Amino acid sequence: MTEKQRIDIDKIDLDKMKEKTTDIPGLLPYAHQSGSAIIKPEDKGKITGRAVAAMHSQTDMQMTQIYQQMQLLADQAKKIQKRVEVSERIYKTSMGFEPLINHHYFLYEKEDETDFLSLVAPEEWGRKKSYSRFIAEVKLLADHTWEIVRKGD
(Lines give C-alpha, C1' and ligand atoms only; values in the text may rest on other atoms or scores of the structure.)
Protein backbone atom coordinates (compact mmCIF):
# COMPACT_ATOMS: atom_id res chain seq x y z
CA MET A 1 0.00 0.00 0.00
CA THR A 2 1.10 3.46 -0.74
CA GLU A 3 1.28 6.31 1.72
CA LYS A 4 -1.90 7.88 0.34
CA GLN A 5 -3.96 4.73 0.77
CA ARG A 6 -3.08 4.15 4.39
CA ILE A 7 -5.62 5.19 6.98
CA ASP A 8 -4.33 7.37 9.75
CA ILE A 9 -6.11 6.13 12.87
CA ASP A 10 -5.09 9.19 14.83
CA LYS A 11 -7.15 11.40 12.52
CA ILE A 12 -10.39 9.43 13.02
CA ASP A 13 -12.77 11.17 15.43
CA LEU A 14 -14.58 8.28 17.13
CA ASP A 15 -17.04 10.56 18.96
CA LYS A 16 -18.17 12.09 15.67
CA MET A 17 -18.51 8.62 14.10
CA LYS A 18 -20.65 7.50 17.07
CA GLU A 19 -23.12 10.35 16.38
CA LYS A 20 -23.66 8.94 12.89
CA THR A 21 -24.49 5.42 14.05
CA THR A 22 -27.19 3.90 16.23
CA ASP A 23 -28.07 0.60 17.85
CA ILE A 24 -31.76 1.01 16.91
CA PRO A 25 -31.93 2.30 13.31
CA GLY A 26 -35.71 1.77 13.10
CA LEU A 27 -36.29 4.71 15.41
CA LEU A 28 -34.28 7.23 13.40
CA PRO A 29 -36.34 10.07 11.94
CA TYR A 30 -34.54 9.60 8.60
CA ALA A 31 -33.52 6.72 6.36
CA HIS A 32 -30.37 5.06 7.71
CA GLN A 33 -29.32 3.36 4.46
CA SER A 34 -29.26 4.53 0.89
CA GLY A 35 -31.83 1.81 -0.05
CA SER A 36 -34.19 2.56 2.85
CA ALA A 37 -37.71 3.85 2.40
CA ILE A 38 -38.06 7.60 2.22
CA ILE A 39 -39.23 9.08 5.47
CA LYS A 40 -40.95 12.43 5.11
CA PRO A 41 -41.89 14.38 8.17
CA GLU A 42 -45.68 14.87 8.37
CA ASP A 43 -47.36 18.19 8.79
CA LYS A 44 -48.85 17.71 12.26
CA GLY A 45 -51.28 20.58 11.76
CA LYS A 46 -52.65 18.87 8.67
CA ILE A 47 -53.08 15.55 10.51
CA THR A 48 -54.77 17.27 13.44
CA GLY A 49 -57.01 19.26 11.11
CA ARG A 50 -58.19 16.10 9.35
CA ALA A 51 -58.78 14.33 12.65
CA VAL A 52 -60.78 17.25 14.05
CA ALA A 53 -62.85 17.50 10.84
CA ALA A 54 -63.60 13.76 10.98
CA MET A 55 -64.50 14.03 14.67
CA HIS A 56 -66.91 16.92 13.99
CA SER A 57 -68.49 15.05 11.09
CA GLN A 58 -69.11 11.94 13.21
CA THR A 59 -70.39 13.81 16.25
CA ASP A 60 -72.66 16.00 14.11
CA MET A 61 -74.11 12.85 12.56
CA GLN A 62 -74.64 11.29 15.99
CA MET A 63 -76.20 14.48 17.36
CA THR A 64 -78.59 14.56 14.37
CA GLN A 65 -79.62 10.97 15.08
CA ILE A 66 -80.19 11.77 18.75
CA TYR A 67 -82.22 14.85 17.81
CA GLN A 68 -84.38 12.76 15.45
CA GLN A 69 -84.94 10.20 18.21
CA MET A 70 -85.90 12.99 20.62
CA GLN A 71 -88.29 14.41 18.00
CA LEU A 72 -89.88 10.98 17.56
CA LEU A 73 -90.31 10.61 21.33
CA ALA A 74 -91.81 14.10 21.56
CA ASP A 75 -94.26 13.27 18.75
CA GLN A 76 -95.23 10.03 20.51
CA ALA A 77 -95.75 11.92 23.78
CA LYS A 78 -98.01 14.43 21.98
CA LYS A 79 -100.09 11.59 20.49
CA ILE A 80 -100.50 10.01 23.93
CA GLN A 81 -101.47 13.38 25.41
CA LYS A 82 -104.04 13.87 22.64
CA ARG A 83 -105.46 10.39 23.33
CA VAL A 84 -105.73 11.25 27.04
CA GLU A 85 -107.57 14.50 26.25
CA VAL A 86 -110.01 12.75 23.89
CA SER A 87 -110.46 9.91 26.40
CA GLU A 88 -111.29 12.31 29.23
CA ARG A 89 -113.84 14.04 27.03
CA ILE A 90 -115.44 10.72 26.03
CA TYR A 91 -115.59 9.42 29.61
CA LYS A 92 -117.51 12.58 30.57
CA THR A 93 -120.17 11.87 27.92
CA SER A 94 -123.38 9.99 28.26
CA MET A 95 -123.34 6.52 26.76
CA GLY A 96 -126.07 3.93 27.01
CA PHE A 97 -123.83 0.93 26.38
CA GLU A 98 -120.52 -0.56 27.41
CA PRO A 99 -117.88 0.13 24.73
CA LEU A 100 -115.73 -2.81 23.62
CA ILE A 101 -112.01 -2.73 22.89
CA ASN A 102 -111.05 -2.32 19.20
CA HIS A 103 -114.57 -1.27 18.21
CA HIS A 104 -115.41 2.01 16.50
CA TYR A 105 -117.85 4.51 17.97
CA PHE A 106 -119.01 8.00 17.06
CA LEU A 107 -118.73 11.10 19.22
CA TYR A 108 -121.36 13.80 18.72
CA GLU A 109 -122.32 17.12 20.22
CA LYS A 110 -125.99 17.87 20.99
CA GLU A 111 -127.79 21.18 20.60
CA ASP A 112 -127.20 21.92 24.30
CA GLU A 113 -123.43 21.46 23.68
CA THR A 114 -123.17 18.22 25.65
CA ASP A 115 -121.41 15.25 24.08
CA PHE A 116 -122.68 11.73 23.55
CA LEU A 117 -121.18 8.53 22.21
CA SER A 118 -123.11 6.46 19.70
CA LEU A 119 -122.91 3.24 17.73
CA VAL A 120 -124.48 4.99 14.73
CA ALA A 121 -122.26 6.62 12.09
CA PRO A 122 -123.19 10.07 10.75
CA GLU A 123 -124.09 8.56 7.36
CA GLU A 124 -126.52 6.12 9.02
CA TRP A 125 -128.75 8.66 10.80
CA GLY A 126 -131.10 9.39 7.97
CA ARG A 127 -133.33 12.50 8.05
CA LYS A 128 -133.85 12.77 11.76
CA LYS A 129 -130.50 13.18 13.39
CA SER A 130 -130.11 13.57 17.15
CA TYR A 131 -127.00 15.74 17.08
CA SER A 132 -125.90 19.21 16.05
CA ARG A 133 -122.30 18.32 15.23
CA PHE A 134 -120.30 15.18 14.46
CA ILE A 135 -116.99 15.42 16.38
CA ALA A 136 -115.10 12.22 15.57
CA GLU A 137 -115.10 8.52 14.90
CA VAL A 138 -113.17 6.92 17.74
CA LYS A 139 -111.78 3.52 18.65
CA LEU A 140 -111.34 2.13 22.16
CA LEU A 141 -107.78 0.84 22.66
CA ALA A 142 -106.66 -1.93 25.02
CA ASP A 143 -105.32 0.59 27.55
CA HIS A 144 -108.83 2.15 27.65
CA THR A 145 -107.74 5.30 25.90
CA TRP A 146 -109.55 6.41 22.78
CA GLU A 147 -107.94 6.99 19.41
CA ILE A 148 -109.44 9.35 16.83
CA VAL A 149 -109.94 7.39 13.61
CA ARG A 150 -111.69 10.16 11.66
CA LYS A 151 -112.36 13.77 12.58
CA GLY A 152 -115.73 15.33 12.11
CA ASP A 153 -116.79 18.86 11.15
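Good morning, colleagues. The model is predicted, so local features are reported only at pLDDT of at least 70 and side-chain atom pairs only at pLDDT 80 or more, while totals for chains, interfaces and linings use all residues. Residues are numbered from 1 along each chain as its sequence is written, and side-chain values use heavy atoms, with hydrogens and water left out.

I begin with the overall architecture. The protein chain contains 2 helices and 4 strands, in the sequence order α-α-β-β-β-β. Helices (H or I, at least four residues) and strands (E, at least two) are DSSP runs, numbered from the N terminus. Of its 153 residues, 18% are buried; buried denotes under 20% relative accessible area, exposed over 50%, and partly exposed the range in between, with a 1.4 Å probe and protein chains only. The chain exposes about 12,900 Å², of which carbon and sulfur atoms supply 55%; these areas come from the Shrake-Rupley method with a 1.4 Å probe. Among contacts between residues at least 6 apart in sequence, 40% join residues at least 24 apart, a contact being heavy atoms within 4.5 Å.

I turn now to the aromatic residues. The whole structure holds 9 aromatic pairs. Rings of Phe, Tyr and Trp (its six-membered ring) pair if their centres lie within 6.5 Å; planes under 30 degrees apart are stacked, over 60 edge-to-face, and the rest tilted. One of these pairs is Y91 with W146, edge-to-face at 6.3 Å centre to centre and 65 degrees between the planes. Because Y91 belongs to helix α2 (residues 44-91) and W146 to strand β4 (residues 146-151), the pair ties together parts 55 residues apart in sequence. Y91 is partly exposed at 43% relative accessible area, whereas W146 is buried at 0%.

A tilted pair joins Y108 and F134, at 5.5 Å centre to centre and 55 degrees between the planes. Here Y108 lies in strand β1 (residues 104-109) and F134 in strand β3 (residues 133-140), so parts 26 residues apart in sequence are tied together. Y108 is buried at 0%, and F134 is buried at 6%. Both residues belong to a cluster linked by ring pairs, which consists of F106, Y108, F116, W125, Y131 and F134.

What does S118 contact, leaving aside its neighbours within four places in sequence? Its partners are F97, Y105, F106, Y108 and W125. S118 itself sits in strand β2 (residues 115-118) and is buried at 8% relative accessibility. A polar atom of the S118 side chain lies 2.9 Å from the backbone nitrogen of V120.

Finally, the charged residues. The search finds 6 salt bridges, each a side-chain nitrogen of Lys or Arg within 4 Å of a carboxyl oxygen of Asp or Glu. R89 and E109 form one of them, with the closest N and O atoms 3.8 Å apart. Since R89 lies in helix α2 and E109 in strand β1, this bridge ties together parts 20 residues apart in sequence. R89 is partly exposed at 33%, while E109 is buried at 16%. Salt bridges link R89, E109, D115 and R133 in a network.

R150 bridges to E123 at 3.2 Å, N to O. That pair links strand β4 with the loop between β2 and β3, 27 residues apart. R150 also bridges to E137, with the closest N and O atoms 3.0 Å apart; E137 lies in strand β3, 13 residues from R150. E123 is exposed at 57%, R150 partly exposed at 29%, and E137 buried at 13%.

Thank you for your attention.

Methods. Polar contact = N/O pair within 3.5 Å; in protein donor to acceptor, adjacent residues only side chain to side chain.
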